[in-house]
Each structure stands twice: as structure tokens, then as C-alpha cells.
Amino acid sequence: MKLPDMNEARLRNNQNIDFLYLDKIEYSGLYNGKKYYLRTYGCQMNVHDSEELKYLVESLGFSETKVMKDADLIILNTCAIRENSHDKVFGFLGRCKHLKEKNKDLIICLAGCMPQERSVIDTILEKYRYIDIVIGTHNKHELRSMLIERKSGLNINVLSNSNEVIENINYKHDSKVTAWVNIMYGCDKFCTYCIVPYTRGKQRSRKHEDILKEIDELIDLGYQEITLLGQNVNAYGKDLEGEIEFSQLLEMVSKTNIPRIRFVTSHPWDFTDEMIEVISKNKNIMPYIHLPVQSGSDRILKLMGRRYTKEKYLELFNKIKMKIPNVSITTDIIVGFPNETDEDFKHTLDIVDECKFDGAYTFIYSPRENTPAAKMEDNISLEVKQERLQQLNEKVNEYSLLNNKKYLDKEIDVLILEVNSKDKTKYMGYTETMKVVNVTGDDIKIGQIIKVLILSAKSFSLDGKKVN
Ligand code: SAH
Ligand code: SF4
Ligand code: F3S
């Protein structure tokens, strides 16, 4: 049994990328009548990967249950980005142990980013031997064959790295209105704090013709919106020599005439003028950009390996704001990076004041195994980190509210996604700028884009009524 090796994962060889076109999956009733329970942690990438895992197990006869104790198969699609993601999963595995004691046939599967870490595998070998299947991010499609040729005991199937782009993946989409479309896998940026380049491997872009084919199929199925996915969407194509770059791909996708196109996540480093141009002139590319800044201090940005300064970020930010009318911009920020002083943190607060982001995901720095930052002393006390986070969140929420209030009394286009989960008399949808709107009114249909009059604004959502 070969175990994942993070040092091997760090090595990026210059071998060409292989495109592996999977065969059509034939339905098998091997697990007819059996139920699976799947829980997803982490980013959109994982949410989308779970759609693939669902398709794979349903092609074997499993049906989904939301009640864990009824399940014959439990899949945890895990995240490794911060230590608390680990804690949640290990806590959950503890609970699964009791179920396994009661039901010897229960299959427990650990998938996603955690199994890519050697220390996680070592912990499993030591303390969680009752898990049945451990599968990594690079070969998750092999879950199906592992379930068909099931061997007793703990089976670990994780690759350290991959040169492959897997095509012909089937998904059981969570929504009939909006769909994720991977345009690339992996990340080559190696920000010093981040584990993603190790858990997801080398950057590998899909061929544009494969991406467009998938989008055409989604359009035929009636999808109204697609979100192009990648850890660095705007680095798309850099690994495909002589191919196209992200702005050109965006333009091609725009020509499909799907009503709404989104993309996450953009790195400031690869954000070109051509991209801004394409977004501003094509109405079906949504004026919403997630542009992680991480810190406002040049010193910390340098330690993080982000390759831009506060000034450069602001220059880009202002250019986007100027050229794309009504654009909304959100960000990610880390507090408590090693050696972050009060002065450094003040720069972060300052950049938030300057940008007045529409929203921000904020995190306390968490040292990750094998990353360069983990070798720096994690020398800020938890108390200080928490204080900074709270101070930052107050500011972030203030600006979210301020931005949302601009929508008051305006009539806005909203794409209706579903019935509101808390209040069944309302619907939930998104503005072009990615604001959640709770909508009331008659004759509202899921999948429609309707005009909504905004009646109230909170930090994280808007309320409105359909305009007839
Ligand atoms: N590819 C995306 C983000 C991926 S991870 C990008 O580059 O923007 C999502 C966010 O998690 C990051 O933007 C960062 O803010 C946060 N994050 C990543 N590693 C972290 C760590 N070790 N501790 C705390 N937050 C982290
Ligand atoms: Fe992580 Fe940086 Fe890659 Fe984003 S760009 S996934 S933060 S290494
Ligand atoms: Fe987490 Fe892996 Fe995504 S570490 S954030 S699930 S790429």
C-alpha cells in the first residue's frame, strides 16, 4: 500500500498533462435498496466533487438518506484548510464508530483533502482502523470500483500527485438552475500558509472544447447559471501551452448565451485588463468578483508569498470598480499570521476601510503541515487572534450592510433558486452581484429571473417582493 507523501506532492514535474476520458458508467444494482449518507466540508470544489461521488454511488443502486443512522454507507468529503476542519471530521468519525459496532456491514469512506495529508493517514492507521475506504482527490472516480471489488478491512487509495485531467465525469447536480463547472484542477501558487497545492496537486487546465461541451449540455438541460470553478480560475490555460487564457475562455462561454456566468476564485496576481474588458462588455458575465486580499500589510503579504502589495491590490480593485458598473467585490482575510504586529493588523483594517468590501470571509491563521509558514513560529496568542478577528468582523459586517442598503427601494433582477428553507412562503434567489434575496409574491417559479423590489437590507441578505 503506497501512502501519500507531501514532499512528493510539492514536486511539480514538467511532464505533459494527460487527458483521461472515462468510459460510460453502466448502472449496476449491486447495492440496490442500500442507503448512503454524505457530508461535505470545505470549499465549492468539494461541494462539486460531492456531486460526482453521489453519481458514482447512485450508479451502484445506493439512494441518499439525510439520517446518518439509516445509512449503509457513510461518506465524508473532507477539507484540510484549517485545523478545525480536521477536528470536526475526527469528532464525526468517533460517532461513526458506535454505528459500526451495531452494524458490521456499514461502510465508512473518507474522501477529499484530508486523506492527502500523510499525518492524517498515520492517525487513521493508528486510531481509526474501522474506516473501510480512504480515497484521495486525484482518483476519487475509483470509489466506484472500490465499492464493486470490496475488500474487507481498511483500504487506502491515495495518490500523492497527478498529471491527469479526468474527463467524462458524471454529476448528480444539487440544483436544476445553477451548476458548477470545473475549468481547472490544482494550484501552483504555493502561498506559504496554504495546503491546497499539496492536497489538490499541480495546476491542470481542462481543454476549452471539453468545458464548452459540458456547458452546452447544461444549457440543454435548462440551466440558467454556471459557475466556472478553480482554485485560481484566472490562471486558467497557463499550463496549456499555445492554448487560450482565461479572458478568452470567458468570452467563449459568454457566447453560449447562458443567462448567467460566474467564476471563483480569482487571484489578484493573474487578473488581467483583458478580463476586466470581457466582463464589462458581456451582460451575461455577472458583475461579481471574489478577490482574496488576505492581508493589508506589505510585510505580511510578502511572508505569505502573495506577490502583490497593498498598493497593487488597491490599484486593481479601483480599476475593476471603475470599469465594471455596479460590480460587487468580496474577499478573504487571514488574521494572526506569524509575526503579525498591531501595526500590520491596522493595515488590514485600513484596506477594508478603503475597499468597503461587499463581504469578506475572515479566518484565524492555522498552521498547516509541511507548508513554509508552518516553519515560522506561530507566535500570536489565541486571545489576540480572536480579538483581531472580532474587530475585523465588526468592520466587515458594517460595510456589508452599507453596501446592501444601496439596494433599498430599487428593482433588481433576481434568479430564483429554491423555496426559502426557513420560511416556505418565500423564495430564495441571487442578484447579479451575488446578494441573497428572500422574495415574496405570487406565481414565482424556480429558475426564473424576475424583477424584485428590495424592501429591507441586512448584512447578509436582502428582502423583497416580486414586481408584477
Ligand atoms: N484559491 C483561493 C482560496 C482557497 S482557500 C485563493 O487563493 O484565494 C480559501 C481561503 O482560506 C483562503 O483565501 C484563505 O483566506 C484561507 N486560508 C487558507 N489557508 C489558511 C490557513 N492555513 N489558515 C487560515 N486560513 C487559511
Ligand atoms: Fe492556496 Fe494561494 Fe493556491 Fe489560493 S492561490 S489555493 S490561497 S496556494
Ligand atoms: Fe478545503 Fe480542499 Fe477546498 S483543503 S478549501 S476542500 S481544496
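Reader: In what sense do strand β6 (residues 133-135) and β7 pair, and over how many bridges?

Author: Good place to start! Strands of a sheet pair through backbone hydrogen bonds, either parallel or antiparallel. Here β6 and β7 pair in the parallel sense over three bridges, and Val134 stands opposite Ile156 in β7. Two strands count as paired if DSSP finds at least two bridges between them. Strands (E, at least two residues) and helices (H or I, at least four) are DSSP runs, numbered from the N terminus.

Before we go on: this is a predicted model, in which local features need pLDDT of at least 70 and side-chain atom pairs count only at pLDDT 80 or more, while totals for chains, interfaces and linings use all residues. Residues are numbered from 1 along each chain as its sequence is written, chains are lettered from A and ligands numbered from 1 in the order in which they are written, and side-chain values use heavy atoms, leaving out hydrogens and water.

Reader: What is the strand order of the open sheet, and which strands stand at the edges?

Author: The six strands run in the order β3-β2-β4-β5-β6-β7, with parallel pairing. β3 (63-64) and β7 (155-157) each have a single partner strand, so one side of each is left without a neighbour in the sheet. Helix α3 (residues 83-102) packs on the sheet and touches β2 (35-40), β4 (73-78) and β5 (107-112). Touching, or contact, means heavy atoms within 4.5 Å.

Reader: At what angle do helix α12 and helix α13 pack?

Author: Two packed helices are described by the angle between their axes and the distance between the axes. Axes are lines fitted to C-alpha atoms, for helices over the stretch in contact, and angles run from 0 to 180 degrees between N-to-C directions. For α12 (residues 342-355) and α13 (residues 382-405), the angle is about 10° and the axes are 10 Å apart. The two are therefore roughly parallel to each other, a label for angles under 35 degrees. Phe345 and Leu349 are among the α12 residues in this contact, and Leu392 and Val396 among those of α13.

Reader: Which residues are around ligand 2?

Author: A residue counts as near a molecule if one of its heavy atoms lies within 4 Å of it. Around ligand 2 you will find residues including Cys187, Cys191, Cys194, Gln231, His267 and Arg306. The shell divides into seven nonpolar, three polar and two charged residues. Ala, Val, Leu, Ile, Met, Phe, Trp, Tyr, Cys and Pro count as nonpolar, Asp, Glu, Lys and Arg as charged, and the others, Gly among them, as polar.

Conventions: Parallel < 35°, antiparallel > 145°, perpendicular 65-115°, else oblique.
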